[in-house]
Amino acid sequence: EDGDVKTWSKSGNLRSCLVSTGQSVYCACWGPDDDQVLIGNGKVLMIKTVQANRKNIQWNAHDGIVLCVDWNVANGNIVSGGEDCCYKVWDAFGRQLYSSRPMEHVITSIGWSPNGESFAVGSYNIVRLCDKAGWTHCRQRLQSGSVLNLAWTSDGTQFACAGGNG
């Protein structure tokens, strides 16, 4: 909540403070080449480079706070979700490829399948499976409360969800 995004070594030593935004950061993930970090900061998405020779990118992404992001290794695309109840697909230059219609509740979790062909979207008592273009292929109503996290198997055939009701 201090607005800092820091990198740490495997042994737990602080390597660097990549950015200090001054407002809460709710999500961050590594880019496909492990030399960039995607950060959700307020309504903005920011790609911060670890190496000095690359330019940082920032764009207005949502009408509400960005709560979740994921950057796919296979296709290079980004998916984000936020308090505006929408999920969006982006390319690595910040160009919007897809925007959902507002859902009933905020988007609380999002995650690409390893092969980049689909992604899952979690909200309050619902999970969606979408193709890489953003179109919903399956929607499942749950009794889990907010879906707070999603995790795909390494082969991309299954994903698990963690719900807010325990």
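In strand β6, Gln 58 is the bridge partner of Met 46. That bridge belongs to the antiparallel pairing of β5 (residues 44-49) with β6, which runs over four bridges; strands here are DSSP runs of E, at least two residues long, numbered from the N terminus, and two of them pair if DSSP finds at least two bridges between them. The model is a predicted one, in which local features need pLDDT of at least 70 and side-chain atom pairs count only at pLDDT 80 or more, while totals for chains, interfaces and linings use all residues. Residues are numbered from 1 along each chain as its sequence is written, and side-chain values use heavy atoms, with hydrogens and water left out.

Zooming out a bit, β5 and β6 sit in an open sheet of four strands, ordered β3-β4-β5-β6 and paired antiparallel. The edges are taken by β3 (25-30) and β6 (57-60), each with a single partner strand, so one side of each has no neighbour in the sheet. From one strand to the next, the twist averages 15°; the axes behind this angle are lines fitted to C-alpha atoms, and angles run from 0 to 180 degrees between N-to-C directions.

Past β6 comes Ile 65, in the loop between β6 and β7 (66-71). Its relative accessibility is 28%, so Ile 65 counts as partly exposed; the cut-offs are under 20% relative accessible area for buried and over 50% for exposed, with partly exposed in between (1.4 Å probe, protein chains only). Leaving out residues up to four places away in sequence, Ile 65 touches Tyr 26, Gly 42, Lys 43, Gly 82 and Glu 83, where contact means heavy atoms within 4.5 Å. Ala 162 is another story: 97 residues separate Ile 65 from Ala 162 in sequence, and their C-alpha atoms are 21 Å apart in space.

A second open sheet also has four strands, in the order β11-β12-β13-β14, again with antiparallel pairing. Its edge strands, β11 and β14 (159-163), each pair on one side only. Neighbouring strands in this sheet are turned by 40° against each other on average, direction ignored. Between β11 and β12 there are four bridges, and the two strands run antiparallel; Gly 111, for one, has Ala 120 of β12 as its bridge partner. As a general point, strands of a sheet pair through backbone hydrogen bonds, either parallel or antiparallel.

Six aromatic pairs are found in the structure, a pair being Phe, Tyr or Trp rings (six-membered ring for Trp) with centres within 6.5 Å, called stacked with planes under 30 degrees apart, edge-to-face over 60 and tilted for the rest. Tyr 87 and Phe 119 make an edge-to-face pair, at 5.7 Å centre to centre and 75° between the planes. Tyr 87 is in β9 (residues 87-90) and Phe 119 in β12 (residues 118-131), so this pair ties together parts 32 residues apart in sequence. Both are buried, with relative accessible areas of 2% for Tyr 87 and 0% for Phe 119. Tyr 98 and Trp 135 are also edge-to-face, with ring centres 5.2 Å apart and planes at 65°. Tyr 98 is buried at 14% relative accessibility, whereas Trp 135 is exposed at 54%. One aromatic cluster takes in Tyr 87, Tyr 98, Trp 112, Phe 119 and Trp 135.

Finally, there is Ser 80, in strand β8 (residues 78-82) and buried at 0% relative accessibility. Its side chain makes a polar contact of 2.7 Å with that of His 62 and another of 2.9 Å with that of Trp 90; such a contact is a pair of N or O atoms within 3.5 Å, where within protein one must be able to donate a hydrogen and the other to accept it, and residues adjacent in sequence count only if both atoms are side-chain atoms. Beyond its neighbours within four places in sequence, Ser 80 is in contact with residues including Leu 45, Val 66, Val 69, Tyr 87 and Ile 110.
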